[in-house]
Amino acid sequence: MITTAPAPALADAGCTTAPVLRERGQREVFCGLTGIVWLHRKMPDAFFLVVGSRTCAHLLQSAAGVMIFAEPRFATAIIEERDLAGLADANEELDRVVRRLLARRPEIRTLFLVGSCPSEVIKLDLARAAHRLAGAFLPDVRIVNYSGSGIETTFTQGEDACLASLVPFMPQLPEGSAQQLLIVGALPDIVEDQLLRLVRDMGITNVACLPARSSRDLPAVGPNTRFLLAQPFLGDTALALEDRGAVHLPAAFPFGAEGTTDWLRAAANAFGIDEMHFRSVVAPGRERAKRALEHSRARLEGKTIFFLPDSQLELPLARFLHVELGMIPVEVGTPYLHRQHMAAELAQLPVGTVISEGQDVDKQLDRVRASKPDITVCGLGLANPLESEGFTTKWAIELVFSPIHGFDQAGDLAELFARPIRRRDVLRV
Amino acid sequence: MQLSVWTYEGPPHVGAMRVATGMTDVHYLLHAPQGDTYADLLFTMIERRGKRPPVTYTTFQARDLGTDTAELFQTAARDAVARYNPAALLVGSSCTAELIQDDPAGMAQAMRLPIPVIPLELPSYSRKENWGASETFYQIVRTLAVGDSSRPASRQAGSPRPKANLLGPSALGFRHRDDIVEIAKILAALGIEINVTAPMGASAADIARIADADFNIVMYPEIADTAARWLEKSFKQPFTKTIPIGHGATLDFIREVAGLAGVDAAPALDLAEARMPWWSRSVDSTYLTGKRVFIFGDATHAIAAARVARDELGFVVCGLGCYNREFARDIRAAAAEHGVEPLITDDHLEVEDAIAAAHPELVLGTQMERHIAKRLSVPCAVISAPVHVQDFPARHSPQMGFEGANVLFDSWVHPLVMGLEEHLLTMFRDDPEFHDGAGASHLAHGTTTNPPRTGEGDHPQDGGGEAGLRFPDDIAPERSPSVSADALPPPRTGEDLGDVAVLDVAARWTTEAEIELKKIPFFVRGKARRNTEAYAAERGLASITIDTLYEAKAHYAR
């Protein structure tokens, strides 16, 4: 009764060998600091202290909106003129700020010292500061360092840098222990629970998540670890896990009925799950997802879509919209293209799609205007200006903050794209 | 280093963006790392502009650091000039570029671009947004203004009417759009022509003829003061000192402007739309008398609001402060006049402490004070930037002029319980429509959709939906836990409030006194409790009885 698509032949399929348009110029993207806005919700016992400028504080405030007022677990240690006078002084100042912060917030178990452009340009050694402060605060507080600077990271890469910084702290999986499945990438709790239920129903019982909901409850890792990436922007984290012996399971990312099935199938294959059992486990969710997608199909089928680079979610989302809703991707821009992790996505994009990496925003906007897409996915700095030129847009940041993975979010994900088109059609002003 | 969660002002280059975005044909080349484009969305989302701000970012990355960034800068400059064809180019650094050794001014000047290049020195580690806007506007005026500085500006031949410039309105300014309309109305009534409005809506050519005006109207000193002083020195243009926010200030402003222009003030003094004075004298406003109001914002709006509060609404100013140190002296003078301690700080926790200690009945402030007031269950209205998207309204909503005074009356009085309603709440407090949990009908977070609030320890639910950005439920703002009436803890921890609110409460409430206290309307109950406890503590009373409660009430009566 259930027909799963045969595993796509990756070589020479779709856009696998398509040339990539690489551009450099003005990039209209967030820096990695923005990742803090969702990461701190996932790890309620962690605090994120950015060491940066007033600009960094202003960015977090602008991105976090109203959350700023609810005793958030992030802040900025703003570098001032006198800190720039000499490095020794800056280190002492940082220690003072951290001590004051931890005295105020005794419930914090992990403190992330997050590097920014200014702290990196003045070469303030936050790794050493983390080490120095760890001596004073362990075991109560673990102090970890990563960079969320714009010169190093784009938007979601902040999560990658954060998770990669946690990998050295993961305990060693004992030798000879049973094969373990690790799901990597911060997901909304409800989505994580759905995926864990499916994996366990398949018969995989030794399963853990990174990040864990408690920052100190890190899962073990070792040569018997098999990991699935839930998010496409985790290149460094994957490398760090592989350095500890873990093995990556290649798969499409879990968006839509097909993507989620493919993702789960990668785990099933690695753990020797019987095909009939696998199908029976995924069938109900898969069918629900397909039914939910039907609501948006009429509005989206045959429509063209243009992705500007933002989060690295662009390729998997374009694949989902093309394969499951019949949309036609014109150009799919990504801030960074990891060919290996994107193999399954590239293979399923239609031949002729422009794949671009990096950005020269003015030239890219010229291409948007020339190709007149039905919907353009872009950041909030561009959305209203494009709307006023007559383009229908979907602002990209919502795709990072909303639950969109897995079977039961497939309909919501399609709706995120269908809604701007429906609104364009209903308005009479 | 300064530990900061919330900042009242952005970095100075955001101020420069506000000036550039306000103008029509100026482009800003900002040497900045990837990510600083976040500031674009302040303009496209909060102010809802349909155009991208005229800013090109060089977007350097780690791999570019070294000699490469200079080339990146020059390429970006060439591309920006070719694509946008601006009449003038602003060049400057963001905070990170300030730390690397490139010299945007030198690099741009070496390129011999066919347009004026205006270099901006904006020290990001010591200055902030308003200073950046002010400095940028000053540099633009200084570079582009043309005129004979040796003689006073004289009325143009062939133009019988006096001319004035409107200085200060910018992009992302609180109600700047509508204030311009109100000032224009006044000038029209006085027969004064507007020469240039800048930076908002001005082109480089407009700035070039700024010296043609007879005098300047400084609408927002935070942005226009430096430029106005330079224009006074260079072209002998006097400028106005009165900020026309409030009815009385508007009258003073009209007289000042008429004096500078040498025209009769009368035609503008009696505009029919001035409803505020009568509204304030009408009997329903009697209950406003002596309401304690705490005022915080930028210095200009805060000082103007204090005058309106005292002279035109009959409030008592119980706190006055600003976050922009550049105008600290003005705030100190105004605070002395109102007999309060000036509060000059950019630390919102200090503001919160001061508000909690002052026990105001109304807070006038920025978006931040709105949230503080919500936590403390005190009514609040917004009078100053920074503000969220809802304070860039579609409707006409000025702060200046006579219509501005009307707007102030409505927006400050609405959050208060109206006179009749207050009376009814007291009379019928045990009726189902008027129980404590019902709150005032216009306090959105105090409506019956929330669990009834039965004690002053309760926190109002921190509503979402006010963010510049929207978030789905799973990452919605953390909500304060509802506290049961039995627990009645103090609203904030001692540490949060500072020492001011931590009273040594030796005296215990008797059951009867506690019951009596609960009969007092919830919006003044907190103050009654604190006053009574302070009264008991001062006198070393071991227990608080009904008598103590009323003794204290008599003691603190005003």
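## A walk through a two-chain model

Pro139(A) sits in the loop between α6 (126-137) and β5 (142-147) of chain A. Then there is Phe155(A), in the loop between β5 and α7 (157-166) of chain A. Phe155(A) is not a glycine, and its phi is positive, near 45°. Why point these spots out? Because most residues other than glycine have a negative phi, and most peptide bonds are trans.

Before going on, a word about what you are looking at. This is a predicted model, in which local features need pLDDT of at least 70 and side-chain atom pairs count only at pLDDT 80 or more, while totals for chains, interfaces and linings use all residues. Residues are numbered from 1 along each chain as its sequence is written, chains are lettered from A and ligands numbered from 1 in the order in which they are written, and side-chain values use heavy atoms, with hydrogens and water left out.

How confident is the predictor? Its confidence in each residue is the pLDDT, which runs from 0 to 100. Chain A has a mean pLDDT of 94, and 96% of its residues reach 70 or more. Over residues 1-10 of chain A, however, the pLDDT is below 50. For chain B the mean is 85, with 81% of residues at 70 or more, and here the stretch below 50 covers residues 444-503. Where pLDDT is low, the predicted coordinates should not be read in detail. For the complex, the predictor gives an ipTM of 0.93 and a pTM of 0.87.

Now look at where the chains meet. In contact (heavy atoms within 4.5 Å) are 78 residues of chain A and 72 residues of chain B. Together the chains bury about 6500 Å², 58% of it on carbon and sulfur atoms; buried area is the accessible area (1.4 Å probe) that two parts lose on being put together, summed over both.

A salt bridge is a side-chain nitrogen of Lys or Arg within 4 Å of a carboxyl oxygen of Asp or Glu. Five salt bridges are counted between chain A and chain B. One of them joins Asp64(B) to Arg24(A), at 2.5 Å from N to O. On the side of chain A that touches chain B, helix α2 (residues 54-64) gives the most, with nine residues.

Over all chains, the count comes to 52 salt bridges. Inside chain A, Glu389(A) forms one with Arg369(A), their closest N and O atoms being 2.8 Å apart. Glu389(A) lies in the loop between α15 (380-388) and β14 (393-395) and Arg369(A) in helix α14 (residues 361-371), so this pair ties together parts of chain A that are 20 residues apart in sequence.

Key: Helices (H or I, at least four residues) and strands (E, at least two) are DSSP runs, numbered from the N terminus. pLDDT is the predictor's confidence in each residue, from 0 to 100.
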